Amino acid sequence: MKLSRLRLYDFRNYKQLQLELDPGVNLIIGENAQGKTNLLEAVSYLSTGRSFRTAKTQELIRFGADFADLTADVFSQGREQSVRAVLFAGRRPRQLYLGGVKQKSAAKLPGVLTTVLFCPEDLLVLKGGSQPRRRLIDTALCQLRPGYANALAEYNRLLDSKSCILKDYREKTSLLKPLPEYNYRLAQVGAIVIAHRARYLEALGAAASSYHSAFSAGRENLTLQYHTVSTVEDPFADKKIIFEQILSHQEAHYRAELDSGQCLTGPHKDDFDALLDGIPVKAFGSQGQTRTAAISLKLAERELLRRDTGEEPVLLLDDVLSELDAARQDFVLNQITSGQVFITCCEVGRVTEIGKTFEIRAGGLVCT
Ligand code: ATP
Ligand code: MG
């Protein structure tokens with residue numbers, strides 16, 4: 001999957017831009033606030049039908065303009081295709097086109113252009129609370145496994161209902177009647193969620209480990225460790241066994257859940273640890289190590305998508321070079337040799353030996 005050309009009209013700070021892209025690395029350099037992230041946002045929009053920075057279409061249209069028009073020529077699914085989005089100021093809905101054919105929704109876009117984005121906020125995945133880590137697994141698995149998406153949606157619906165019961169039962173004790181049924185179904189669907197997550201994390205960890213090793217010149221060993229409901233002894237066990245173990249955990253916590261008014265047990269509390277040579281990145285990782293591990297996870301996510309779909313997603317790396325030493329910067333610029341990559345960077349004067357460099361100034365191309 002490769003973009004050969006990108007055209008933007010009145011998108012963000014771009015009045016008009018046409019880029020002839022490299023099938024390998026595309027290095028976008030420029031000072032702060034020149035439009036580097038805007039460019040990645042445009043590519044990402046064409047692959048998902050939404051912005052990773054805003055839900056307001058108006059913000060994507062150049063100040064004072066009536067509409068924005070974005071087009072990418074892409075080679076994917078064995079042929080040349082084009083993806084286009086026209087965004088309007090005001091209430092008129094945006095229009096999406098694939099090969100000139102108007103689309104009712106964005107559903108078909110990722111099949112033609114898949115992107116994997118790394119933005120500075122992704123560093124929080126390894127440093128902050130557990131929610132972004134669960135989101136990372138869930139987003140990837142929902143894309144790859146429709147069965148997982150259904151199970152997760154059902155789990156979340158059941159969890160919402162159970163939360164309402166636990167919150168309100170003191171005013172109306174009859175609410176407690178269906179609670180055992182909810183627990184039973186939560187354990188059944190929870191077992192499906194856990195089984196998928198364990199397998200995905202195992203594959204993600206193996207792929208991330210080899211990227212991280214290359215990244216750090218073999219000096220660091222990255223591993224991922226899945227944490228789920230404490231009574232689940234083996235998340236790779238038969239789902240029936242996992243189900244029984246979740247159920248017994250729920251029974252043991254029945255009283256505590258009533259007392260606290262909260263759902264205390266289940267895969268909604270799942271987490272994983274990233275370890276470097278056995279030491280948790282969350283507590284001990286340096287800035288560079290954390291960044292390296294987070295990028296390795298993204299590269300691994302892309303690899304698993306490629307293995308599954310046969311197409312290599314386009315990788316969008318926003319501002320990843322800062323805090324990396326020269327060898328690790330070299331890895332990003334010159335050693336991610338598979339597929340197409342976009343890398344933004346502030347340090348003017350950087351070059352990549354395996355691709356093209358574009359310098360951006362005030363929403364325009366300075367040189368190629
Ligand atoms: P940094 O290195 O700081 O991350 P950047 O090159 O990635 O900078 P962008 O975020 O791509 O910068 O662009 C930011 C610029 O785009 C800002 O100056 C902002 O005012 C401008 N901008 C954003 N939206 C619009 C819009 N709708 N119309 C015109 N300009 C806009
Ligand atoms: Mg930026």
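This is a predicted model: local features need pLDDT of at least 70, side-chain atom pairs count only at pLDDT 80 or more; totals for chains, interfaces and linings use all residues.
Biologist: Which residues of α6 and α10 meet?

Modeller: From α6 they include Y200, L204, Y211 and F215. From α10 they include I295, L299, E301 and R307. The residues of this contact divide into 13 nonpolar, 4 polar and 3 charged.

Biologist: Why is the pair R5 and E20 called a salt bridge?

Modeller: The closest N and O atoms of R5 and E20 are 3.0 Å apart. The cut-off is 4 Å between a side-chain nitrogen of Lys or Arg and a carboxyl oxygen of Asp or Glu, so the pair qualifies. R5 lies in strand β1 (residues 2-11) and E20 in strand β2 (residues 14-20), so the bridge ties together parts 15 residues apart in sequence.

Biologist: Are R5 and E20 buried, exposed or partly exposed?

Modeller: R5 has 28% relative accessibility and E20 has 35%. Buried requires under 20% and exposed over 50%, so values in between count as partly exposed. Both R5 and E20 are therefore partly exposed.

Biologist: What parts does the salt bridge of D10 and R62 tie together?

Modeller: The side chains of D10 and R62 meet at 2.7 Å, N to O. D10 lies in strand β1 and R62 in the loop between α1 (36-48) and β4 (67-76), so the pair ties together parts 52 residues apart in sequence. D10, at 18%, is buried, whereas R62, at 25%, is partly exposed.

Biologist: How do you know that K298 and E301 are separated by about one helical turn?

Modeller: K298 and E301 are 3 residues apart in helix α10, which means about one turn. Their closest N and O atoms are 3.6 Å apart, and the pair forms a salt bridge. With 4 Å as the limit, that distance qualifies.

Biologist: Why is K298 called buried?

Modeller: K298 has 12% relative accessibility, and the limit for buried is under 20%, so K298 counts as buried.

Biologist: Which residues do salt bridges that share partners join into one network?

Modeller: R5, R7, E20 and D73. A search of the whole structure finds 24 salt bridges.

Conventions:
Residues are numbered from 1 along each chain as its sequence is written. Chains are lettered from A and ligands numbered from 1 in the order in which they are written. Side-chain values use heavy atoms; hydrogens and water are left out. Contact means heavy atoms within 4.5 Å. Helices (H or I, at least four residues) and strands (E, at least two) are DSSP runs, numbered from the N terminus. Ala, Val, Leu, Ile, Met, Phe, Trp, Tyr, Cys and Pro count as nonpolar, Asp, Glu, Lys and Arg as charged, and the others, Gly among them, as polar. Buried means under 20% relative accessible area, exposed over 50%, partly exposed in between (1.4 Å probe, protein chains only).
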